[in-house]
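User: Could you walk me through how to read charged pairs in a structure? I'd like the general idea and then a case each time.

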Amino acid sequence: MDELPLMLDRQAETDRLTVAAEAAASGRGRFLIIEGAPGIGKTALLNFVRTVTRRKGILTLCARGVDLEQEFAFGVVRQLFDSSLIRPDGTASPFLTGAAGPASPVFDMSTDHGARLPGEFGILSGLFWLTTNLCQKHRTVALIIDDLHWIDTPSARFLAYLQPRMEDLPLLVVASQRTEESGPESRVVDQVRDDQSCHVLHPGSLSLDATAQLVQNAFGGDANESFVIACRSATGGNPLLLQETIRALLEEGVEPRERNVARVEEVGSRALTRRVKMRMSQMPRVELTLAKIIAVAGTEIDLHLAARIADVNLTVALSAAGRLEQSDILTFTGARPDAVRFIHPLVRTAVYRAISPDVRAGIHRKIAEELRARGADVELISAHILRIPATGAKWVTEVLRNAATRAMSRGSPEGAVTYLKRCLTEPLDEESRLDSFALIGNIAQFFDAEEATGYLSTAFDNSPPESRRRLKIAPIMGSILFWQERNDEAIDIYLHALREVEPEDLELRRRLEAGLIDMALDDPTVYQLMVNRIKKIQKEPLGVGAGARMLDCLVALHAAFSGMNRNEVIGRALSGLEGEDLYVTGGLSPQELAMPDPSRISAYVCGCFALMSAEHSQAMPALERYLTRARTYGVLSDLLAGLSYRGKAWLWQGALPKALEDSQEALSLIEKTRYEIQLPYAMSVAIEALVGQGRLEEAEAVLQGVDLRRVTRSGHWFLVLESHARLLLHQRKYEEALEGMLEAGARFAAVGGDNPVFCPWRSGAAQCLWAMGETSQAQTYVDQELELAKKWGTRFAVGRALHMAGLVRGNSSGLDYMRQSVDLLSGATAKLALAQALVNYGSALRRGGHSADARSQLRRGLELAYRCGAVPLAETARAELRVIGDRPRRPCFEGVEALTPSESRVVELAVSGLSNRGIARELQLSVKTIEVHLTSAYRKMGITRRNQLSKVLHR
């Protein structure tokens, strides 16, 4: 097809694409999408980009989305990278080693076939590092993707993962997308398109001058202006349709005169379809059969295969393809001597729609059978099986199940479910059918909880009571129903299963009980149902096994919520966190398709949370181990749980920027996975971190779309209610804040909660009352919290309560409470709580006339506030210091204190012994970004070598 018409009026687009390629070559990543109607010239612009990048010596990798291949796991990704990974000796590519290793299964290059395969996040991370490796080897890489609207789901997620991490990579990504066309993962593509880093180009319709140029060139002379206007109007200025209209007019002998304007309008609206139909009606049988086979194949096809299906020899097929090429129907791709495809997707669509459904199905089946005979990839065979009715052939089910296994090994549960659902249309005995329903539901839980519930319910309801299948489904189905807030149904499932399970099957019984106890943390009804059982479990040793450790973790958090003996909580939690099997869920072994019970993840992070609340030294290492494992072997929902809890830990430690970073990533993952059970944790951390930084409007925005008055569940939403009340407190809306604090406390109590380390609602209420002048009632609340905090016994809980007790008293006894708070918190990791105590203690000393003592406290508080990122608190300290005549220095621009949160994190990891590449892998950033952070850190810290970091950092 002549591309000249498609490139007219495209100077603005080609200029922007050229600039983007130059930016990528200089190390500034660029992401562009060319969006427009079919025939507007998107592919021509992609071809222009290819020409530019190849002239610049840029490694240019290309792929095309195909509607027939939307179920292929990482199909577009494989198209992009396969050519760069193939080695003549068949060994693994060096680009797939190290951090890129988890991406090996995508390309069927996994070296350890007995190992557990990476999960979704591990694969996405591995693909990012594969891209980084190629960028380092080739200096600059361009990824060119045509027909993005037909991209497969896993490949779309890779683009979404890559996009925010490519700013410092020498990488250019350019894709084309049809308007008003969506594939299976349009939501992810829309997120990519709408991201602020994405530049969207909209090639417009041809101008009247460009239209005149085409018409005049085609007709060999001057064309009447009205005729030209009619050509543009009839085709909307679409270059391809205009080209086809001109072709049709020439074939009919229509002259470019005003009297033929009506004929232009008649021909133009259907020129392409009309030409294809006319050509098909005139084709000999061989050409027609071949065109139909190629249309059904969906993309380029090997003529050897097409000839076999058409039942002709290769010579005849080559001759027929040559005639179709002359008719502007097909083109030889050049990839192989006998590979052909349609000249444009619109031509293929026109041919495909002219084929009757029964003929289409027959061709799909013949292609599938021939591909199977050739030993083709099972996903390629399955793409055709999906488009035919049930056959009753045993090989069909075998191929589909193998394709499902392949899809799972490549990190595509959606693809696996598609293949397994097609299996259900084949004749199956009842046992196999119910096993298939259970398997589909088990896999679907990781991308569509509602669909998973439907399939699991069918398997559960139709399985005989006490059957093994029914009992294995119960804990998984109970968890999924719980995630959907269908708590009554979840309770019924758990209780039915507990009545049916054999008494000697302790492992399953414990897993079922763990599910109910997990719900009891969130649902007051379930808490009342299970409270006696929880108390009984807390008093008895449970032995070994995953079920026992799940219970250990969960009852530890219940005990921590209620503020029971801290040492017993620590013992239970440590017992529960022993071993790894609670938090290995995402990856699959090559021999299995079903995923382990996801409720184990909930139990593990609950154990970590219990240890965090007890200020145990193993809390963060356990959580970091979990996060490392989740990034490699887990799915995104696994990572989400860890980020939410780690964000809370950073918040307690006073690391506001780190807390905000984790909470924002968690909220982003919630949007992608729709796994909203962690929403209260992520939202509450984000709100408190933003409030601490003085970003009150942004904190309000976190709650956008959430009506707290309509949140009927108790449980974890107490976190959001309490955080929102603190926002209201900072906005001086004391009555509303008080109401929120009391509601948070009531909801916390409804699930057995009374420990102020989790929800210090009493001291929050006391602050509100104190601000309103209700000092006596404020003291009552704060004294209650202090008593509970002392019972729990952590420095953070007691120190914070002492601080508030001193604040509301405001006399000499108040000063004593504040001094005790500062002394206690000075030995804790809760730096923001210490900064708050120091500033308020210093302010109280200043008001009492103790300027010298006040100065030292305020200066310490100021320094800590800046380190924590607590801008409003720092400004309060500065104002107090000015009152006593001190001139506090501005925030440091040198030394450790001057490091940004990102620089600080990079320095910490460098001191721990990680290389730049290891740090980049840990933080999911490019190596270049790590180098930039370290260079800046060296300058601020006044050093020149890596081995000086530790000495300066711990000075």
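**Reading the charged pairs**

Analyst: Happy to. Arg406 is partly exposed, with a relative accessible area of 26%. Keep in mind that this is a predicted model.

User: Which residue forms a salt bridge with Arg406, and how far apart are the closest N and O atoms?

Analyst: The general idea comes before the case. Side chains of opposite charge can pair when their charged atoms come close. Here the partner of Arg406 is Asp377, and their closest N and O atoms are 3.0 Å apart. Asp377 lies in the loop between helix 17 (357–373) and helix 18 (378–385), while Arg406 belongs to helix 19 (residues 394–409), so the pair ties together parts that are 29 residues apart in sequence. Asp377 counts as partly exposed because its relative accessibility is 28%.

User: Which residues are linked with Asp377 and Arg406 in a network of salt bridges?

Analyst: The network also takes in Arg78, Glu379 and Arg410.

User: How many salt bridges does the count come to?

Analyst: The count comes to 44 salt bridges, taking a side-chain nitrogen of Lys or Arg within 4 Å of a carboxyl oxygen of Asp or Glu.

User: Are Glu500 and Arg470 buried or exposed?

Analyst: Both Glu500 and Arg470 are buried. Their side chains meet in a salt bridge, with an N to O distance of 2.9 Å. Glu500 sits in helix 24 (residues 487–500) and Arg470 in helix 23 (residues 468–483), so this pair ties together parts that are 30 residues apart in sequence.

User: What about Arg193 and Asp194: how do their side chains meet?

Analyst: In a salt bridge, at 3.0 Å from N to O. For accessibility, take each partner separately. Arg193 is partly exposed, at 24% relative accessibility, whereas Asp194 is exposed because its relative accessible area is 54%, and the cut-off for exposed is over 50%.

User: What joins the side chains of Arg809 and Asp783?

Analyst: A polar contact of 2.8 Å joins them.

Technical notes: Residues numbered from 1 in each chain as written. Predicted model: local features only at pLDDT ≥ 70, side-chain atom pairs only at ≥ 80, totals over all residues. Heavy atoms only, no water. Polar contact = N/O pair within 3.5 Å; in protein donor to acceptor, adjacent residues only side chain to side chain. Buried < 20%, exposed > 50% of the residue type's maximum accessible area, 1.4 Å probe, protein only. Helix = DSSP H or I, 4+ residues; strand = E, 2+ residues; numbered from the N terminus.
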